[in-house]
Amino acid sequence: MTSTKTVLIVDDSRVSRMMARQYIVSMHADWIVEEAGTGEESLLKARSTPPDLILMDVNMPGMGGIAAAEQLRQEFPAIPISLLTANVQTATRERAAAMGIGFVEKPITEARIAQLVATLEAA
């Protein structure tokens, strides 16, 4: 029996958010899935209800995913954050590693989402 977890999906693509949500809910119907379309919105949502996991796109209008992840990491050092992005440049991967956050390539698949949420299943 797992306790209810909250996952925050941050992506400017509504379709990407819907796909990730669908995969999470199909695995854990009792989990809460919050969505944000911008880095700025992710900060507001995390501050109002700190999630157990944050999935963050990199390339978004306004505050990008790296900047948002940096702020979230400072404010919530214990929350796992993973970049979920099509930006597969070595510099992006290295930046994520230096910040202590995960990195998963798009496209969003059920297997990739399962890998990300597996860390919460044991908690």
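This is a predicted model: local features need pLDDT of at least 70, side-chain atom pairs count only at pLDDT 80 or more; totals for chains, interfaces and linings use all residues.
Local features required pLDDT of at least 70 and side-chain atom pairs pLDDT 80 or more, whereas totals for chains, interfaces and linings use all residues. Residues are numbered from 1 along each chain as its sequence is written, and side-chain values use heavy atoms, without hydrogens and water.

The protein holds five helices and five strands (DSSP runs numbered from the N terminus; helices are H or I of at least four residues, strands E of at least two). Their order from the N terminus is β-α-β-α-β-α-β-α-β-α. The C-alpha atoms occupy a box of roughly 40 × 30 × 25 Å along the principal axes. The radius of gyration, taken over C-alpha atoms, is 13 Å. This agrees with a compact globule, because 123 residues would give a value near 14 Å (2.2 Å times the number of residues to the power 0.38).

Of the 123 residues, 46% are buried (under 20% relative accessible area, 1.4 Å probe, protein chains only). Contacts are heavy atoms within 4.5 Å. Of those with a separation of 6 or more, 66% link residues 24 or more positions apart.

Strand S3 spans residues 53–56. Leu-53 and Leu-55 point one way from S3, Ile-54 and Met-56 the other way. All four are buried.

Terms used: Buried means under 20% relative accessible area, exposed over 50%, partly exposed in between (1.4 Å probe, protein chains only).
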